[in-house]
Amino acid sequence: MKHLDVAAIKDGSVIDHIDSKSTLKVTEILNIQNEEQVVLVGMNLTSKFLGKKGIIKIEGKIIDQKEANKIALIAPNATVNIIKDYEVVKKFQIVVPEIIEGIVKCFNPNCVSNYNNIKAKQHVVNKKPIKLQCHYCERIMSTKDIVLI
Amino acid sequence: MVSFKNRDIISIRHFNKEELLYILDLARRMDLVDHTDMLRGKVLASLFFEPSTRTRLSFESAMKRLGGMVIGFAEPGVTSAAKGESLSDSVRIIEGYCDIIVLRHYLEGSAQLAADVVEIPIINAGDGANQHPTQTFLDLYTIQKTKGTLEGLTIGFLGDLKYGRTVHSLAYALAYFGAEMYFVSPPSLRLPADFLETLKDRKVKCYEHESLAGISKRLDVIYCTRIQKERFADPIEFEKVRGVYRLSKTTLEEFGIKDDLKVLHPLPRVDEMDDSLDATDFAVYFHQARNGVPIRKALLAAVLGAIE
């Protein structure tokens, strides 16, 4: 029988192949920390592709594609497995969305989105390499400029 | 078919070449009529959170010449912003008093924010160092009128290219017309790297220099800008670049220029452009300022649906 580093869940979602260092940030972005049901988090697990990976298993919650895409900037290689009665019934990859909201801080200190509790919003103008354009001040951020909120 | 009815005028990036030319053509028609009543009964709210002379007064003049009315303020000290009211709340409230808002604000992206929270059209009259689209329309109009075309020109941008929003908007628009661009500035005021990359992505031939020497003979237009003291957090940094360029009749002749060169400046000028240029055929900046009225008449009439 296959040994699992992180215990199986009966029904829910498994986010796999997360860049290990980003695992806790993923729980933040998807607001998993406030779940009431069982949440299992594994970090620094062995991965053929990533070297070390993170995994998150959430009992009783189905994550849809739109919600999962929120983590595209920090976990672009992640996959989501939907589990029903211990079986994988659906599997999908993260897709970089057209618009990113409330995740990345605009790097322009004079941007209106850094004032008055305005939700930061960027348009994805290039997916590989990632380039984001602020919805408000129009400045373009590349990977080196990206700071998560 | 081009239509500007109920559209926000936030950024020059939101308009294609056909739309830019449509407004220039409309401005030409507006230039031929002084007063009309096509906007009778319409109210413009002119909200200036930053100082302005030309933009504010030319918008007010344009609205009144079209038969409309103007309310508003010229500095935020007299408004609820001074009590800490957010921009979103201010524009939501003012929306109930007018048909269109013209907004200038020191924060970049403020016009887009306003457009996102109100139903009536917003015209951006300058948002920090970002965009000033109506200035770009009048700059294009001036170039087209004085050079006879917008196609294939060689333009030199001089001065504060980092914070100069008029430069960013105009360079973006001229990219539609196959312009070749020379960006001349001190190293600390170079065009933002992301913007330069945007131009290169659009296949614009663009070059950076620290002086006009050696390139001035190639230029059809020089777009000179003021080094803006108000954008510098550190006064020492401002002093380092203050007065670094001073265009005069003599300096232009020394550098060598085309006979039909035109010099534009969004004004106000401080010491970057000498009075000796004013009487020459190169100087078109006072005409440029005057062109603010027909351009803003065209935009107001088009956005408020008086012209289809």
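User: What is the mean pLDDT of chain A, and how many of its residues reach 70 or more?

Analyst: Start with confidence. Where pLDDT is low, predicted coordinates should not be read in detail. In this predicted model, chain A has a mean pLDDT of 90. Of its residues, 98% reach 70 or more.

User: Which elements of chain A have the lowest and the highest mean pLDDT?

Analyst: Strand 11 of chain A, residues 147-148, has the lowest mean, at 82. Strand 4 of chain A, residues 79-84, has the highest, at 96.

User: How many helices and strands does chain A have?

Analyst: Take the inventory, then the order. Chain A has two helices and 11 strands. Along the sequence, the pattern reads β-α-β-β-α-β-β-β-β-β-β-β-β. The C-alpha atoms of chain A fill a box of roughly 55 × 30 × 25 Å along the principal axes.

User: Into which domains is chain A divided?

Analyst: Chain A has domain 1, residues 12-93, and domain 2, residues 99-148. Their C-alpha centres lie 24 Å apart. Now look at the contact. Five residues of domain 1 of chain A touch six residues of domain 2 of chain A. On the domain 1 side, three of the residues are nonpolar, none are polar and two are charged.

User: How many bridges pair strand 1 of chain A with strand 3 of chain A?

Analyst: Six bridges pair strand 1 (residues 12-19) with strand 3 (residues 51-59), in the antiparallel sense. Pick one bridge to see it. A:Asp19 has A:Lys53 in strand 3 of chain A as its bridge partner.

User: What is the order of the open sheet with four strands in chain A?

Analyst: Its order is 6-8-9-10, with antiparallel pairing. Strand 6 (99-101) and strand 10 (140-142) of chain A are at the edges with a single partner strand each, so one side of each lacks a neighbour in the sheet. The twist from one strand to the next averages 35 degrees.

User: Which residue of strand 8 of chain A is the bridge partner of A:Ile100?

Analyst: That partner is A:Gln122. Strand 6 of chain A and strand 8 (residues 121-126) of chain A run antiparallel, joined by three bridges.

User: Now chain B. In which sense do strand 1 and strand 2 of chain B pair, parallel or antiparallel?

Analyst: Strand 1 (residues 43-48) and strand 2 (residues 69-73) of chain B are parallel, over five bridges. B:Ala45 stands opposite B:Ile71 in strand 2 of chain B. From strand 1 of chain B, the chain passes through helix 2 (residues 54-65) of chain B to strand 2 of chain B. This β-α-β crossover is right-handed.

User: Into which domains is chain B divided?

Analyst: Check whether a domain is built from more than one stretch. Domain 1 of chain B takes in 12-131 + 292-303, and domain 2 of chain B covers 133-289. Their C-alpha centres are 25 Å apart. The contact takes 19 residues from domain 1 of chain B and 18 residues from domain 2 of chain B.

User: Which elements each supply at least two residues of the domain 1 side?

Analyst: In chain B these are helix 1 (17-31), strand 4 (122-127) and helix 11 (292-303). Helix 1 of chain B gives the most, with five residues. By class, this side of domain 1 of chain B has 10 nonpolar, five polar and four charged residues.

User: Finally, how many residues of chain B are in contact with chain A?

Analyst: 17 residues of chain B are in contact with 15 residues of chain A. Helix 3 (87-94), helix 4 (110-117) and helix 7 (193-201) of chain B each give two or more residues to the chain B side. Helix 4 of chain B gives the most, with three residues. That side of chain B divides into four nonpolar, 10 polar and three charged residues.

Conventions
Residues numbered from 1 in each chain as written. Chains lettered and ligands numbered in written order. Predicted model: local features only at pLDDT ≥ 70, side-chain atom pairs only at ≥ 80, totals over all residues. Domains from an automatic or database assignment. Contact = placed C-beta atoms within 7 Å. Nonpolar A, V, L, I, M, F, W, Y, C, P; charged D, E, K, R; others polar. Pairing = 2+ DSSP bridges. Axes fitted to C-alpha atoms, helices over the stretch in contact; angles between N-to-C directions. Right-handed = clockwise from strand over helix to strand, strands pointing away. pLDDT = per-residue confidence, 0-100.
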